[in-house]
Every structure is written in structure tokens, then in C-alpha cells.
Amino acid sequence: MSTDSGDNSSSATDRREAVREKAQRVHIRQSRARVARRISLGVLAAGAVAAVAVVVVWSVTSTMGGRDLTPKTATSDGFAVNDVTGVAADQGAVVDSTVEATPGSDKATPAPTASATAPVDIRVYVDYLSPGAREWQLANVDQLTTWVDQGAATLSYHPVSMLTAKSNGTKYSLRAAAAAACVATHDESVFFAYNTELLSRQPAMDTDGFSDVELADLAQAVGAKDPDALRSCIEDGDYIEWTKDATERAIAGIPDTDGLQLTGTPMILVNGQPYMGALQDAAEFSQFVLTSASDAFFTEQTPTPTPTVPAE
């Protein structure tokens, strides 16, 4: 009997040890599972933080208008017009309640020819939502085309965004100026035509204005040679930030002037002097150009000394 009792006791002990070992193994597996879950949760959390960071960066970049680039063809934040052949004959012939014919405007005084004087420098600070900018462009597009074509004047446009808040939150003024910078950069041969098209088709203030897709469509309509690159530039907002900065620089001070600052658009400078006449009067502007050219011509002349004949 005593032998049997000893065997039973040993068996019970073995069973308890087996149960304890099994419990330890279960505990170890559970501990490892908890550690693995914590690691997984940490990885997921890190991934979530990274995803949020990406979204924030994308949102900020989108708000800022994409890449912060500078147009390679810009000089003093403006774009020179070297080609006027792309302007349709009827782009400057719009007559409506905004742009009215001025008596005598069809008898504009011709600008001086390049052979008589140095070319007149005409700089235009333009907001594509400004009614005044539209008036001036449509009234003067024909004679501007002639002067540039004959080499009598150098012409440059400086797109700015003074009226960004006047388009129901779509920032049309800013987007249109940036689109003009895209055209000047990717196909300057149609910049003058695109500039005129934006103004002749100008949307009313306090409306949405054209979408980026429509702005790109307009570039294609005026004959841009690389519409895909232009579309990408316009729709991605490549020059949004540059336009903002260029506007701020003009407000702070306009280069090569006697302390002039941009306070409204359009601002038209002829040889550095602001034109203050009627925007829709081509004859008055032509006379201002002629006067400025004459003043510049006489200012730049150096009198030649007259030989003195010795007395006999």
C-alpha cells in the first residue's frame, strides 16, 4: 500500500509541474503577443502621423499655389512684348458700355519713329480684373501693335493681383496674373495676344471668373505652341507665389522711377512717368507718348560745339 501511495504522489507532482510549465508557456506567448501588438500599434501610429504630415504639407502647398518658381523671362517682374502678330484684328475693336469710343480717338497722333528718337519705354502694371485696365488695352491695342512692330516703342506688362478678393473667393485676379506669367514663360510669342484676350474677355468683378482649366483653354485658343506645358503650369499654379511677391514689390516701390508705388491698376508708365489721362482715349495717350518721346530726345542730345573762326 505504501508503494502505491508513493507512486500516486509522484504522479500528482508530475502533473502539477506539467500544468505549471504549460501555464508558463501560455504566459510567455501572451507576453510576446502583447509586445507585438504594442509594436504594431506604434508602427501604425507613426504611419498615421506621417500620413497626416503629408496631408498637411499637401494642403499648405495647394493653398500656396504649388511650386514656388520664378518666370525665367521676367525682367523687373515684367514681360517684354516682342511679338504682336498673334493679336486678332477684332480683339481691340470691342465697343460696349464699359469701353466707349472717344470723339477724335480715330485720329491718334502717331508716335515718333525709331529712326527719329530712341524707342519709348511703355510699362503697364495690369490686374486682369481691373475695368480700367480693360478700357486702356482695348482703346490702345491697335497703336501699341503699330509702335512695337515699327520699333518706335518697347512695351512690357507687369501682371499684379490687386483685386484678389473681388471674385467670390476664387482669387481670379491672382490666378489670371499667374496664368499670364505661364504664357510669357512657355510661349512669349503669344503673350501679347493672351494678355489682350484676358482683358477683352474680362469677367465682371464679384463673379467667379474663369477656372484654371478655362484659363489654359484661352492660352490654347490664341495659338500656344506647347499647350500641354502651359496647361500644367496654369493648373498647377506654378507662378502663384511669384505673382503675390511681385505685387508686394510693386506696392513697396516701382523700379527706375522717382519713388513711385503701385496704388491701383492700371498704372501706365511712359519713360518712367505715369499717364494720368483718360484711359479710353487713344489720342490723348498717343499725345502723351509723343511728348515723352520728344522730351527724352531733347534731353539726351549733347550740343556740338560750333567751330570758332579765328579773326583775321
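Modeller: A contact means heavy atoms within 4.5 Å. By that rule D127 touches A133, V160, S161, M162, L163, S173, L199 and T265, leaving aside residues up to four places away in sequence. This is a predicted model, so local features need pLDDT of at least 70 and side-chain atom pairs pLDDT 80 or more, while totals for chains, interfaces and linings use all residues. Residues are numbered from 1 along each chain as its sequence is written, and side-chain values use heavy atoms, with hydrogens and water left out.

Colleague: How many helices and strands does the protein chain have, and what makes a run count as one?

Modeller: Both are DSSP runs, numbered from the N terminus: helices are H or I with at least four residues, strands are E with at least two. The protein chain has 8 helices and 5 strands. Their order from the N terminus is α-β-β-α-β-α-α-α-α-α-β-β-α.

Colleague: What share of the protein chain counts as buried?

Modeller: Buried means under 20% relative accessible area, exposed means over 50%, and partly exposed lies in between (1.4 Å probe, protein chains only). Of the 312 residues, 38% count as buried. As for contacts with a separation of 6 or more, 76% of them are between residues 24 or more positions apart.

Colleague: Where is D127, and which side chain of opposite charge is nearest to D127?

Modeller: D127 is in the loop between β2 (120-126) and α2 (131-150). The nearest side chain of opposite charge is that of K166, 11 Å away. Lys and Arg count as positive, Asp and Glu as negative, and His and the chain ends are not counted. A salt bridge needs a side-chain nitrogen of Lys or Arg within 4 Å of a carboxyl oxygen of Asp or Glu. D127 is therefore buried without a salt bridge. A polar atom of the D127 side chain does lie 2.9 Å from the backbone nitrogen of L163.

Colleague: How many salt bridges does the whole structure have?

Modeller: The search finds 8. One of them joins D77 and R249, whose closest N and O atoms are 2.8 Å apart. D77 is in the loop between α1 (2-64) and β1 (79-81) and R249 is in helix α7 (residues 240-252), so this pair ties together parts 172 residues apart in sequence. R249 is partly exposed, because its relative accessibility is 39%.

Colleague: What makes D121 and R123 a salt bridge, and is each of them buried or partly exposed?

Modeller: Their N to O distance is 3.5 Å, so the pair meets the rule for a salt bridge. D121 has 26% relative accessibility and counts as partly exposed. R123 is buried, because its relative accessible area is 8%.

Colleague: Which residues are linked in a network of salt bridges?

Modeller: D217, R231 and E235 are. Within it, R231 and E235 meet at 3.1 Å, N to O. Both lie in helix α6 (residues 227-236), 4 residues apart, about one turn of the helix. R231, at 21%, is partly exposed, and E235 is partly exposed at 35%.

Colleague: Why is the link between C182 and C233 called a disulfide, and why left-handed?

Modeller: A disulfide is a pair of cysteine sulfur atoms within 2.5 Å. The sulfur atoms of C182 and C233 are 2.0 Å apart, so the pair qualifies. The count by this rule is 1 disulfide. The torsion about its S-S bond is about -80 degrees, so the disulfide is left-handed. C182 lies in helix α3 (residues 172-186) and C233 in helix α6, so the pair ties together parts 51 residues apart in sequence. Both cysteines are buried.

Conventions:
Polar contact = N/O pair within 3.5 Å; in protein donor to acceptor, adjacent residues only side chain to side chain.
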